Amino acid sequence: MPRRRLHGRRIELEGFLREDGRYEIDASLTDVKDIDYPIASGLRPAGVPVHLMRIRLAFDGDFNITEAFACSDGVPYPGYCDTIGPAYARLVGLNLVRGFRRTVGEMFADVRGCTHLTELLASLPTAAIQTVASLRRDNEDTREKPFQLDRCHALESSAEAVRRYYPKWYRKVDGLG
């Protein structure tokens with residue numbers, strides 16, 4: 001069926017190791033219209049971002065957020081949308097892998113945050129895990145269960161993938177395996 005693209009959203013996340021041993025995630029969300037877009041604040045020409053939001057989080061090896069910065073460089077309502085960034089400093093002290101999405105949803109719901117910045121935050125836990133995982137072998141023999149086990153259907157402790165790749169952590173379930 002022929003079609004014409006009207007809107008594009010790009011979400012980018014990059015993970016870094018800092019010289020001080022902490023990690024950083026740079027995240028951005030960009031919304032662009034492929035046609036001129038008339039909105040209450042004026043015409044947004046095709047190709048000019050309607051939204052350009054950025055978040056940078058620093059965190060330690062236990063995924064505790066130590067620094068948080070958010071800004072809105074492209075917004076539909078300049079002088080209004082772009083004033084919420086400092087509120088996201090409240091992320092400091094949260095843990096990216098323990099209740100992060102739920103807590104963020106509560107902290108920044110409705111008018112307490114920016115819909116787009118809050119939505120972007122939902123991608124950060126898995127990006128943080130991938131960043132830290134870059135420096136670790138995922139099945140090294142340790143006393144601690146590998147972080148990824150029991151966090152998705154393929155790596156449930158009773159799954160064939162765990163039996164094959166992480167035999168130490170495989171758990172037979174009655175009637176299975």
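In what sense do strands E1 and E2 pair, and over how many bridges? Strand E1 and strand E2 (residues 23–33) pair in the antiparallel sense, over eleven bridges. The views below come from a predicted model, in which local features need pLDDT of at least 70 and side-chain atom pairs count only at pLDDT 80 or more, while totals for chains, interfaces and linings use all residues. Residues are numbered from 1 along each chain as its sequence is written, and side-chain values use heavy atoms, with hydrogens and water left out.

**View 1. The open sheet of four strands, in the order E1-E2-E5-E6.** The pairing in this sheet is antiparallel, where two strands pair if DSSP finds at least two bridges between them, and where strands (E, at least two residues) and helices (H or I, at least four) are DSSP runs numbered from the N terminus. Strand E1 (7–17) and strand E6 (65–74) stand at the edges with a single partner strand each, so one side of each is left without a neighbour in the sheet. Neighbouring strands are turned by 10 degrees against each other on average, direction ignored; axes are lines fitted to C-alpha atoms, for helices over the stretch in contact, and angles run from 0 to 180 degrees between N-to-C directions.

**View 2. Helix H3 on the sheet, with Thr30 in strand E2.** Helix H3 (residues 124–133) packs on the sheet and touches E1, E2 and strand E5 (49–59), its direction making about 135 degrees with that of E2. Leaving aside neighbours within four places in sequence, Thr30 is in contact (heavy atoms within 4.5 Å) with residues including Gly8, Arg9 and His51. Gly8 stands opposite Val32 in E2.

**View 3. The buried side of helix H1 (residues 100–107).** Phe100, Thr103, Val104 and Met107 are buried in H1. They cover an arc of only 100 degrees around the axis, taken from the directions from the helix axis to the C-beta atoms, which puts them on the same side of H1. The buried residues of H1 pack against E6, helix H2 (115–121) and H3.

**View 4. Phe108 in the loop between H1 and H2.** Phe108 is buried, with a relative accessible area of 3%. Leaving aside its neighbours within four places in sequence, Phe108 is in contact with Ala87, Tyr88, Arg90, Leu91, Gly113 and Thr118.

How values were computed: Buried means under 20% relative accessible area, exposed over 50%, partly exposed in between (1.4 Å probe, protein chains only).
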